[in-house]
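Me: I am new to reading helix packing, and I would like to go through this structure slowly with you.

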Amino acid sequence: MDALDFLRNDHERIRFLFQSVSPSAPGVPLKIDAATFKSRCTELHAHFEAHIKAEEEVIYPFFGKFDECQTLITQCYDEHRQARTVMEQLQNNPIPGDAQIRLIEKARSLFDHHIRSEEDELFVQVRKIVARKEMEDLGRLVEDSFKKHLENMRREFGKKAA
Ligand SMILES: [Fe+2]
Ligand SMILES: [Fe+2]
């Protein structure tokens, strides 16, 4: 699969995982028990971390070779850092409650902002530069990297939870 299509699909999966730990509307209590909340937060964190690790390992170094992309890539690294900090705070104490709901909202809004930077700016830019065939090859690399990191993250977070 084309690298950009893979990442776009994965953004949707992460959005869905955010929804799975968010109230249906502001102020409405979460209708899931503590154990479910914790395991969904862990899966969200593992998936999120695998996604950004795969981008930093495969995608950003490749796109960073083009002058037109460098400012955007620097901005994307910075957005990863900000979202990662909030996700770690959440992972350190995944007890359902107002404080955690606020952290999820914060991480979700940072993530939404970030995927707009990628999809509306970075991806549009690289589409003009990188050939379709090359984007397909890159797709296989980013998918492999993502799967490897997802497995590692699930194992690492699973150990912490045990
Ligand atoms: Fe992304
Ligand atoms: Fe990203």
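Me: How far apart do the axes of α3 and α4 come, and at roughly what angle do they cross?

Reply: This is a predicted model, and in it the axes of α3 and α4 come within 9 Å of each other and cross at roughly 160°. An angle over 145 degrees counts as roughly antiparallel, and therefore α3 and α4 are roughly antiparallel to each other. The crossing in which α3 passes α4 is left-handed, and the residues of this contact divide into twelve nonpolar, eight polar and four charged.

Me: Which residues of α3 are buried, and what covers them?

Reply: A residue is called buried if 20 or more other C-beta atoms lie within 10 Å of its own. In α3 the buried residues are L72, I73, C76, H80, A83, M87, L90 and Q91, and what covers them includes α2 as well as α4, which spans 98–129.

Me: At what angle do α1 and α2 pack?

Reply: Helix α1, residues 3–19, packs with helix α2, residues 34–63, at an angle of about 160°, and their axes are 10 Å apart. That angle makes α1 roughly antiparallel to α2, and the crossing of these two helices is left-handed. On the α1 side the contact is made by A3, D10, R13, I14, L17 and F18, while α2 brings E43, L44, H47, F48, H51 and I59; the residues of this contact divide into seven nonpolar, two polar and three charged.

Terms used. Residues numbered from 1 in each chain as written. Chains lettered and ligands numbered in written order. Predicted model: local features only at pLDDT ≥ 70, side-chain atom pairs only at ≥ 80, totals over all residues. Axes fitted to C-alpha atoms, helices over the stretch in contact; angles between N-to-C directions. Helix = DSSP H or I, 4+ residues; strand = E, 2+ residues; numbered from the N terminus. Parallel < 35°, antiparallel > 145°, perpendicular 65-115°, else oblique. Left-handed = near helix turned anticlockwise from the far one by under 90°. Contact = placed C-beta atoms within 7 Å. Nonpolar A, V, L, I, M, F, W, Y, C, P; charged D, E, K, R; others polar. Buried ≥ 20, exposed ≤ 12 C-beta atoms within 10 Å, placed from the backbone.
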